Amino acid sequence: MRLALTALAFALAAPAAAQDFAVINATVVIGDGSAPIERGTVVVRGGKVAAAGAAVSVPAGIETIDAAGKWVTPGIVVGVTDLGLVDVDAVGESNDYAVSGSPFNAALDVAPAVNPSAQPIAVTRAAGITRAAIAGGAGGSVFAGQGAIIDLGADPQAVTRARAFQFVELGEDGAAKAGGSRTAAHALLRNALREARDFGRREGVAGWRAERGPISTGDDVPLDPRLAPGDERRDQDVLLTRFDAAALIPVVAGRQPLYVHVERASDIRAVLGLKREFPALRLVIVGASEGWLAAADLAAAGVPVIADALNDLPSEFEQLAATQSNIGRMTAAGVKVALGNLRNDDNAQPRYAAQYAGNLVALTRVPGASGLSWGQAFAAISSVPAEILGMGERFGSLRAGRAGDVVIWDGDPLEVSSAVLAVFIDGVAQPIDNHQTRLRERYRTPSEGALPKAYDW
């Protein structure tokens, strides 16, 4: 059966189950950096992409969406955000992003706090975002705790991977939290990593040595049963709680990525220097307003970056060399760069991801500026962040075998005037209405006395 996209009847009325469907006659974006494909087809079966491209046949009997004149892309993946942790910023009871007064830091795990029903998730899903990495804010320590990967589906199970990475604040923010100086922040971080390393070696946490199985992820602290009673004591001068030390063991062992927020070029180089003492660290730099100045060092170290898209108005001393050409220059130097937002008000607006990517394309037309090609720009919000998250084989593109995260647009998705027509996550049609769209429809054609009072809704 062929359905007109304007109706999209089966999708809108579909049950919450993966559907077999094909989108035909569309401009197809694979999301791997390649150019868009005219009059392409995407086939999704069993919740996964079966095929996508120009010469793809549609299996008999499956629902077909005629998307003539439309675009089809993989779902957008957002690097670092607070989706699901905040409903209303100004209402503390609905805000689980900021942490203060907790006896724990590195052991904090955002996964139990994620609210799939938070309105920002529904609003963001309507903009074509299907996956995101989320992290909380650091409180009394440089450690913000363990971030998670979520999907934005309209179901109760949002968390794709809990304890996906450890997040650390250095630079100006880390200095403030550690006592007022970058020297204190680095000493605190290095001491914590040493404590975790020693904890694993001396106290026999499972997995520190390969013969003891998988390493603890921080949700438990299994001890080697061969230790004699009392041998599990820690030194008296440790600063970390037992729970925090256990949470950092996967980091120093290279099993869990360490996301470090820094902006200044010298801070980036200082973070890269940590690998001399802790060679197993899997570093990811977040922010990197001055990343272009350290691009050669980042490329040589093979450390990826999640960067603000167009940060060129330095609001802090550590951003004095910020430029809109930052991402283009880092990419040209061989750095793997994804778009994400951490610092500014747009942290709560990841729905702008496609617009920011489009602006990077526009930079290629500005004399003297460095931007990205269309394919590179879309990859920076799809396959590249998925790869940095270690999930590139699962989602982020329309390659065969990836999750059936499919978005249909009424035009070029990197043009600000384009809108999302349909969203699928794991092959399941998703609602794209939300509180904002309902308000829009309510007040689209107001007339005197025809609408109820605001407090009646």
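Predicted model: local features only at pLDDT ≥ 70, side-chain atom pairs only at ≥ 80, totals over all residues.

Colleague: Okay. In what sense do strand E13 and E14 pair, and over how many bridges?

Modeller: Strand E13, residues 305-307, pairs with E14 in the parallel sense, over three bridges.

Colleague: And what is the strand order in the open sheet of eight strands?

Modeller: The order is E7-E8-E9-E10-E11-E12-E13-E14, and the pairing is mixed. Strand E7 (76-81) and strand E14 (337-339) are the edge strands, each pairing on one side only.

Colleague: By how many degrees are neighbouring strands of this sheet turned against each other on average?

Modeller: By 25 degrees, with direction ignored.

Colleague: Let's move to Ser289. Where is the place of that residue?

Modeller: Ser289 lies in a loop, the one between strand E12 (283-287) and helix H7 (295-301).

Colleague: Is Ser289 buried or exposed?

Modeller: Ser289 has a relative accessible area of 3%, so it counts as buried; the cut-off for that is under 20%.

Colleague: With which side chain does the side chain of Ser289 make a polar contact?

Modeller: With the side chain of Gln319, at 3.5 Å. Gln319 is also on the contact list of Ser289 that leaves aside neighbours within four places in sequence, together with Glu263, Asn311, Ala321, Ala322, Thr323 and Asn326.

Colleague: New topic: Ala26. Which strand is Ala26 in?

Modeller: Ala26 is in strand E2, which covers residues 21-28.

Colleague: Why does Ala26 count as buried?

Modeller: Because its relative accessibility is 1%, and buried means under 20%.

Colleague: Which residues does Ala26 touch, not counting those up to four places away in sequence?

Modeller: Ala26 touches Ile37, Glu38, Arg39 and Gly40, and also Ala67, Lys70 and Val72. As for Pro36, which is 10 residues from Ala26 along the chain, the C-alpha atoms of the two are separated by 9.9 Å.

Colleague: Now the whole chain. How many helices and strands are there in the protein chain?

Modeller: The protein chain has 12 helices and 17 strands. It has 457 residues, and 53% of them count as buried.

Colleague: What about the contacts and the accessible surface?

Modeller: Among contacts with a separation of 6 or more, 67% are between residues 24 or more positions apart. The accessible surface comes to about 19200 Å², and carbon and sulfur atoms account for 52% of that surface.

Note on methods
Residues numbered from 1 in each chain as written. Heavy atoms only, no water. Helix = DSSP H or I, 4+ residues; strand = E, 2+ residues; numbered from the N terminus. Buried < 20%, exposed > 50% of the residue type's maximum accessible area, 1.4 Å probe, protein only. Contact = heavy atoms within 4.5 Å. Areas by Shrake-Rupley, 256 points an atom, 1.4 Å probe, with all protein chains shown as cover. Pairing = 2+ DSSP bridges. Axes fitted to C-alpha atoms, helices over the stretch in contact; angles between N-to-C directions. Polar contact = N/O pair within 3.5 Å; in protein donor to acceptor, adjacent residues only side chain to side chain.
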